[in-house]
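In this notebook I record what I looked up, entry by entry.

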Amino acid sequence: MMQSSISDWLTIILRRDLIIAFRRSSTYITPLIFFLIVVTFFPLALGPQESLLSSLAPGVIWIAALLASLLAVETIFSEDFRDGTLDDFFISLEPSFILVFAKVLIHWLITGLPILIASMIAALVLYLPFESFIPMIFSLLLGTSFMSLLGALGAALSLGRSAILSAIIVLPFSIPTLLMGTSVISSSLINQDFSGYLMIMGAMLAIGIPGLCLLTVEALLLNYE
Amino acid sequence: MNKIWNFIKRWFIEMGSPPLFYKWSSKILPWLSIVSILILGVGLYWGMFYAPTDYKQGDVYRILFIHVPSAILGQSIFMFMAICGFINMIWRAKISGMMLKSAAPIGASFTLLALVTGSIWGKPTWGTWWVWDARLTSTLILFFIYAALIGLHSTIEDKTKADRAVSILSIVGIAIIPVIKKSVDWWQTLHQPSTFTITSSPSMSPDMYQPLLICVIGFYLFFALLLTLNLRNEVLEREKNKNWVRQLFGGLS
Amino acid sequence: MLNGFDEVFLMDGNGPYVWSCLVIFILILVLNIFTALKRKNKILKSLKKL
């Protein structure tokens, strides 16, 4: 048998999961549509005044992004758990870290990335000034990836149980991301320096990738005892 | 020195075994309950009747003697839970998982107490029941985290699995709570100038500090009492098919 | 006597706030102990049945 390297494994899992995700368009369309619907509800509920909406825009975009990325969270592991792919992987003696990392990456690609693109439409609709677009994109880039990591942990802990449970687990822990993310956009609105918030978000991501992935492995192994 | 160290080590190992813990705890339980209620009573009585009136806030500040200890407890119980979770993850000590589970509702109720008393204190001093102050907000988030831990534990049927799931989550919690605190601070400075400070004057007079200290000690002892009660229940319930429980309660063996 | 009670209860006018805190505190503690004892009785009863 040939010795396969870690990057080979990563590409194999990524390719397989991407093919599965693209065969079923609902996986990447649903979070996107959900995000846009939540964003449009705010002007409908609060009234169409431009000044009000542009001041609320950072919060609205971030709440919608958080909820949309949580929406797809249970699909991360449940399918593979049910059909036994996960069992095969744990038997294969490859580092399970790779599996979890690949799963998180896939989740980000099918929810985070579409949200990132849709956020520009949302920002236009909510009258966010153009100068804030770049900070918004960067904050969402870092924030949604951290949300995918947290979501994977929540999904692993609530595997085979109600979906609302994973939301309850994940939401309190996502508060720093929410606060920093909105702070980035609102500081750019009042021409303040926002790089500090982005750095903290980046640091959280840097610690979260090894830390949360390892804990997610632990949580997954709970189902195989 | 070596002797003491060995004694401590043995004590820890013995406490890790459910039957030894059960026997030992039934010995200290009456003492613990008497001492904790006594100290709590003395502290609260002192605070309510003998501590001098604050020159700025008047008598309302007496809520401090309940509010501050419960806020301290809410945070340190979480710390305790994370340590238990750590031990449970690494050594798989059964009793640490049970401790984690028994401490969670106590921590949640102390955090809730801190929130409610803080809100009642806020009404006469600030004029509103709730202010989006940094400390209030992070305490509220702490309460949500407790709720998440309890919710997770109650949905998993297998108790030892549930313990380990909650340990994982409590470790994430202890890593993220400082970040939450810091980010809430920044969020507050960005959105509103800090108008209120929760604790009264930083330099507290010893007349107020002494009863507060006694109250804090009393709260800690009371936590130990509640934890022991809950833990004994947990031990009995999980080990009810073991021989030692049956021998203790005279059932079939 | 009534005067003394007023002084203790109302303090400087904000007394009810303080006492309601104390009542809630005691309520939560009693609730905690009560649930623990109730659970213990339940477990003991189920042990007797075995």
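Predicted model: local features only at pLDDT ≥ 70, side-chain atom pairs only at ≥ 80, totals over all residues.

Is B:Arg92 buried, exposed or partly exposed?

Entry on B:Arg92. I counted 13 other C-beta atoms within 10 Å of B:Arg92, so I class B:Arg92 as partly exposed. I located B:Arg92 in the loop between α3 (64–91) and α4 (94–126) of chain B. I then looked up phi of B:Arg92 and found a value near 55°, which is positive although the residue is not glycine. I remind myself that most residues other than glycine have a negative phi.

Entry on A:Asn191. I read a phi near 55° here, again positive in a residue other than glycine. A:Asn191 belongs to the loop that joins α9 (175–189) and α10 (195–221) of chain A. I list A:Asn191 as exposed because it has 8 C-beta neighbours inside 10 Å.

Entry on the chains. Chains A and C are joined by no contact, and their closest C-alpha atoms are 24 Å apart.

Entry on chains A and B. I noted 22 residues of chain B in contact with 21 residues of chain A. On the chain B side, α5 (134–155) and α6 (159–191) are the elements that give two or more residues. The most come from α6(B), which supplies 15 residues. By class, I recorded 17 nonpolar, three polar and two charged residues on this side of chain B.

How values were computed: Residues numbered from 1 in each chain as written. Chains lettered and ligands numbered in written order. Contact = placed C-beta atoms within 7 Å. Helix = DSSP H or I, 4+ residues; strand = E, 2+ residues; numbered from the N terminus. Nonpolar A, V, L, I, M, F, W, Y, C, P; charged D, E, K, R; others polar. Buried ≥ 20, exposed ≤ 12 C-beta atoms within 10 Å, placed from the backbone.
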